[in-house]
Amino acid sequence: MIKHSKRLPALLAALCLLAGCASSAAQVPEENRYKVALVAKSTNTDFWKAVFVGAEAAATEYNMDLTIDGPETEEDYETQNRMIAEAVENGAQALVFSAIDFDANAPAIEEAADKGVKIVVIDSAVNTEDVATYIGTDNYSAGQMAAEAALQGTEGTLKVGIVNYDVNSANGQDRERGAVDTFAESGRAEIVATIHTLAEASSAQEDTRKMLQDHPEINALLAFNEPTSVGAAQAVEELHLQNALWMVAFDSNLVTIDALQTGVVDALVIQNTYEMGYFGVQSAYKLLSGQRSEVEKHVDTATRVINRENLFDLDSQKVLFPVS
């Protein structure tokens, strides 16, 4: 397999220019502020930290009382459900939520909605009709972008390995479907192995290492979120396979950006994390303040592919470091 580079078109305007958004809400006494709870998949990754910065910016602009919570791991939907119930009990009027489990989180969301809580979903969907709006990546399209990056960056037949996370998480499954469909349509790629690992770098590294050892024919590797990307990249480096396969990772932190520069990773699919948080809380404000007609049912936050050729472009740097 021969690697080659291809410049990708700019897909995303600068993140932090929020001109055109609603003006700041008038200052109101603290006891009269709208109360919004953000319950994330976790609070530990750079992905979620950037989401929180956007959410806090909107809460400040619209003078809202925002709380942020999330479990320790991205598999713990039961703790998420408990956090939803606690937020409602503590007076949350709107919930900004990202589901760990498409089905298992639904009853807790429906119970909150039955009590009058407005529901905004970001990043990962939940199986209920009570959601007022979804804000985040078009995950099927993002999976397609990952596969296209591998196809455009290589020649010959691809033997593909996929590193995904929780099988019950909607966004990961949508990304996988998009990638698999794109590879199938290309006529020159075969999915050799797919693993579903914990959304933790150490677990992803161990499971990816085993997959690559069991399937030495793999010459293209995709990982679908930040922790799995970090772990998969570490496995590639550990096995000294960076010159033998083409790797596409999701999301950015210091590890994945360094891996892109050193050649362990060949392309990064970067989501607009800041906007997920900002527009999630902004939508909660609109729902609570009688502006329901201004809230779209689905808001696609733009996604961008970054490789070594466009890594230092201004737009790429803004996406890689949205809160710097």
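Reply: K35 and D65 form a salt bridge, with their closest N and O atoms 3.4 Å apart; the term stands for a side-chain nitrogen of Lys or Arg within 4 Å of a carboxyl oxygen of Asp or Glu. This pair links distant parts of the chain, since K35 lies in strand β1 (residues 35–39) and D65 in strand β2 (residues 65–69), 30 residues apart. Strands (E, at least two residues) and helices (H or I, at least four) are DSSP runs, numbered from the N terminus. K35 is partly exposed at 27% relative accessibility, and D65 is partly exposed with a relative accessible area of 27%. Here buried means under 20% relative accessible area, exposed over 50%, and partly exposed in between (1.4 Å probe, protein chains only).

The model is predicted: local features need pLDDT of at least 70, side-chain atom pairs count only at pLDDT 80 or more, and totals for chains, interfaces and linings use all residues. Residues are numbered from 1 along each chain as its sequence is written, and side-chain values use heavy atoms, with hydrogens and water left out.

A further salt bridge joins D266 and R308 at 2.8 Å, N to O. D266 is in the loop between α8 (254–262) and β10 (267–270), and R308 is in the loop between β12 (304–307) and α10 (314–320); the two are 42 residues apart and link distant parts of the chain. D266 is buried at 2% relative accessible area, whereas R308 is partly exposed at 35%.

K286 and E294 also meet in a salt bridge, at 3.9 Å from N to O. K286 is buried at 12% relative accessibility, while E294 is partly exposed at 47%. By this rule, the count is 10 salt bridges.
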